[in-house]
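Thanks for coming, everyone. Please look at the chain on the screen while I talk. I will go from the whole chain down to single residues.

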Amino acid sequence: MTSTATAPAAPGGAPPHPAIERVPPHVYFVGSAVFHYLGPAFAVLLFARVEALGVAWLRIASAAVVLAAWRRPWRMAARLDRSGRRLLLAWGAVLAVMNCCFYLAIDRLPLGTVAAIEFLPVVALAAVGARNARNGLAIALAVPGVYLLCDVQLAGAPLGVALAFANAILFALYIVLAHRVARHGGFGGLDWLAAAMLVAAAVVTPLAGWAALPAAGDPVALLAGAGVGICSSVIPYVLDQLAMRRLARATYALMVALLPATATAIGVVVLAQVPSATELVAVALVIAGVAVHREAPPAEPGGAAAA
């Protein structure tokens, strides 16, 4: 999935319109959080018409088309140096494979479970970057939560658990690359994302394009796939950028803890995925771990503004 929670806020973007600035940043964050998981919830509903890999392709392709038409990222790519192009190719490739693993995982596991597992690397990376008692406590909370979730799901969907962990590992790599993108600078975060999404579309086509072929003759599936892409990759990223401009780093990091809860709530409302008492305790432990953790401060001015 494209995680807005760790998207780079690279410099170079134009300041928002004053009317946009009048909206409290917390409103933008909540909107981003809702759309971030509303898109995947709609994707699960679409699995009845198109298989999971096909939906992953539709999501990436539609987001790439929208972002490319808006940002025209080829102009940025042409101005990148060799290291910038390598970084862009790596980020796009990770984005493609991560989305495939994520959609295959939510085809087998509840959305809230996959989201909670996905946040374990966020806490682990913070603990590696800043070894302190606070991050030690965060790991002590998050790991048992993920263990409980896996213990509940392993019997019925071991492949789903494996795919969720593969997605989580790729998410950790996505975070590392996002930080490098932000440090590279020179262009706005949306320009980087648009270019990376085009790379992801090229990478995902041989992996999953064949699974989307049945949707070619199904206008409803095509429109739904485009909606998934816009809800998952365009709207939340834009809202998240607007939130990150004005929220303090610590406040933003604390609000990120709400994302696993948001995923669980949307799973209940949209997909009727009602968690058990054990699953609720497990998600609560992950939320507590994400809320407690703190990243190391940026190594240099203009470093990655990521949670």
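Of the 307 residues of the protein chain, 54% count as buried. Buried means under 20% relative accessible area, exposed means over 50%, and partly exposed is in between, with a 1.4 Å probe and protein chains only. This is a predicted model: local features need pLDDT of at least 70, side-chain atom pairs count only at pLDDT 80 or more, and totals for chains, interfaces and linings use all residues. Residues are numbered from 1 along each chain as its sequence is written, and side-chain values use heavy atoms, with hydrogens and water left out.

What is the chain built from? It has 14 helices and 0 strands. Helices (H or I, at least four residues) and strands (E, at least two) are DSSP runs, numbered from the N terminus. Now contacts, meaning heavy atoms within 4.5 Å. Take those between residues at least 6 apart in sequence: 90% join residues at least 24 apart. Leu95 and Val204 are 109 residues apart in sequence, yet their C-alpha atoms are 9.1 Å apart. Leu95 sits in helix 5, residues 82-106. Leu95 is buried, at 1% relative accessible area.

Next, helix 9. It covers residues 158-184, which is 27 residues. From first C-alpha to last it reaches 39 Å, close to the 39 Å expected. The expected span is 1.5 Å times one less than the number of residues. After helix 9 comes Gly186, with a positive phi near 90°.

Now helix packing. Two packed helices are described by the angle between their axes and the distance between the axes. Axes are lines fitted to C-alpha atoms, for helices over the stretch in contact, and angles run from 0 to 180 degrees between N-to-C directions. Under 35 degrees counts as roughly parallel, over 145 as roughly antiparallel, 65 to 115 as roughly perpendicular, and the rest as oblique.

Parallel or antiparallel: how do helix 8 and helix 9 run? Helix 8 is residues 133-153, and its axis lies 9 Å from that of helix 9, at about 150°. The two are therefore roughly antiparallel. Val146, Cys150 and Gln153 of helix 8 touch Pro158, Val161 and Phe165 of helix 9. That contact has 5 nonpolar, 1 polar and no charged residues. For the classes, Ala, Val, Leu, Ile, Met, Phe, Trp, Tyr, Cys and Pro are nonpolar, Asp, Glu, Lys and Arg are charged, and the others, Gly among them, are polar.

Ala116, Ile117 and Glu118 meet Leu120, Pro121 and Val122.

On to single residues. Ser233 is in helix 11, residues 219-246. Ser233 is buried, at 0% relative accessible area. What does its side chain touch? It makes a polar contact with the side chain of Arg59, at 2.8 Å. A polar contact is a pair of N or O atoms within 3.5 Å; within protein, one must be able to donate a hydrogen and the other to accept it, and residues adjacent in sequence count only if both atoms are side-chain atoms.

Last, two loop residues. Arg72 is not a glycine, but its phi is positive, about 50°. It lies between helix 3 (52-71) and helix 4 (74-79), and is partly exposed, at 45%. Ala272 is not a glycine either, and has a positive phi of about 60°. Ala272 is in the loop between helix 13 (258-271) and helix 14 (277-292). It is exposed, at 59%.
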